[in-house]
Structures are given as structure tokens and as C-alpha cells.
Amino acid sequence: MYKFETHLHTSNCSACAVSSGYDMVDAAKEKGYSGFVVTNHFYHGNTCVDRNLSWESFIAAYCEDYEITRDYGEKMGIQVFFGIEEGFAPGKEMLIYGISPEILTAHPEFIMFGAKEKAEFIHRMGGVTVCAHPFRSRSYIPNPDKEPDISLFDGIEGYNYCNAPEENEKALAFAKKNGLFATSGGDVHNSKNFGNAGIEFETQIKDYNDFLTRLKNGNYKLIMP
Ligand SMILES: [Zn+2]
Ligand SMILES: [Zn+2]
């Protein structure tokens, strides 16, 4: 089995994360995972990168932690892919897969886009959108029960390790009802929590494109405790 964590933050990029990319790679190895996607909080999220930097410098600084993690992963035999978690409405976040740092650098207008334009742009560029932890009920999130706008998303994070069981049940049912693929994500901010979620493939993942194709086809099993 080839396990991947789909939702993970590193401490030099996400203000709320406590573990470095090195610790995350070590945790993946220890827990028998093949790899993970780094999905640090982006411009409209809890990033610790200075938003006053020029766009190019912002992207370079944002990607640095991913690059360090990927390089260490390569040494350790752990596949590390590039993703993003970006806010698109108050308290609501989108996981973005398959958009490269180069695409981001070339499109500073991305940050001005509203939710619809963001999703359209990502799809035009060949990326994949997943609604992060829908139905999460927290004081900072207005309307936790509001259903995600399915025109924005290819998939739904059906299981999020940090969500309550009833929130996850709603998310899984929503994905099923709407024919969207569901993912499982640990929302890992601390390497101690690595290994409780993710997706599992039967055969080895060749590269990020292979990962994305199988994701879109729902060709995997969900890891849930
Ligand atoms: Zn966070
Ligand atoms: Zn997250």
C-alpha cells in the first residue's frame, strides 16, 4: 500500500504549524507513508510569509519551505508534492493541487481573484480544487452549515482529522450526494499527528501528475481512524 497525506503545514511557512518539513518527512517515514502534499496557508490564510514582499519574492519565500522539504524527502525516499491552502471566503478554505510555483509567479493577479475566478484559473491551469474541512464549526467561521458551492470544487475533504465526527459525516455525505471525489486529510500542523489520515493507493505513484489523475478518478482508499 502507498499512503499519502493530502493536507499538511510546515512551521516556516504556516504561522500555526509547529513542525519543520524535516520532522514531517521523518514522521512520514516512521509511519510508513510514501509521501505527502505540502499545503501551507497562502496569501489569504495563516501564512508567516511577509505579504509586503513583491509578488515574486512572496512566492519564492512561500515555496522555500516546500523546496527544503521536497529535497530532504528525496534523500529519505519520501515523495513530497506542492499544494496550497487558500482562503476564499471568511473562514472557508480551498486546498489546491497541481499548480506550480512557476504558474503562481507568472500570475500576480491570482491574489485579486474572488472564489469563482480563483477556481476557474486553477482549472484553466490544470489544477485541482478541494473544499477543505467543510461544515467545520468554529467561532471564526460564519455559517458552518452552509453547503460548499460545488461549481468551485472537484473534490471535498470528506475526512479532516481536526473536524468533529458529525462534521466529517456531513462532508462525506455531501461529496457522495454531489458525485465529487472525497479526500482524507490530517491537517497536520505537528508531526506527532502524522499518520491519522490521508489516501492509500494500491500501486506506486510515479509522479505528481499520476497522483492528480488518480485523485480525480477517485482511485484510492481513504485513511480514517
Ligand atoms: Zn493552520
Ligand atoms: Zn490546513
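## Basis of the model

Helices (H or I, at least four residues) and strands (E, at least two) are DSSP runs, numbered from the N terminus. This is a predicted model, in which local features need pLDDT of at least 70, side-chain atom pairs count only at pLDDT 80 or more, and totals for chains, interfaces and linings use all residues. Residues are numbered from 1 along each chain as its sequence is written, while chains are lettered from A and ligands numbered from 1 in the order in which they are written.

## Helix H5

Helix H5 covers residues 165-178, 14 residues in all. From first C-alpha to last it reaches 20 Å, close to the 20 Å expected at 1.5 Å a residue (1.5 Å times one less than the number of residues).

Glu167, Asn168, Ala171 and Ala175 of H5 are buried (20 or more other C-beta atoms within 10 Å of the residue's own; exposed means 12 or fewer, partly exposed in between; C-beta atoms are placed from the backbone). They cover an arc of only 95 degrees around the axis, which puts them on the same side of H5 (the arc is that of the directions from the helix axis to the C-beta atoms). The face turned away from the buried side of H5 carries exposed Pro165, Glu166, Lys176 and Lys177. Just after H5, glycine 179 takes a positive phi of about 65 degrees.
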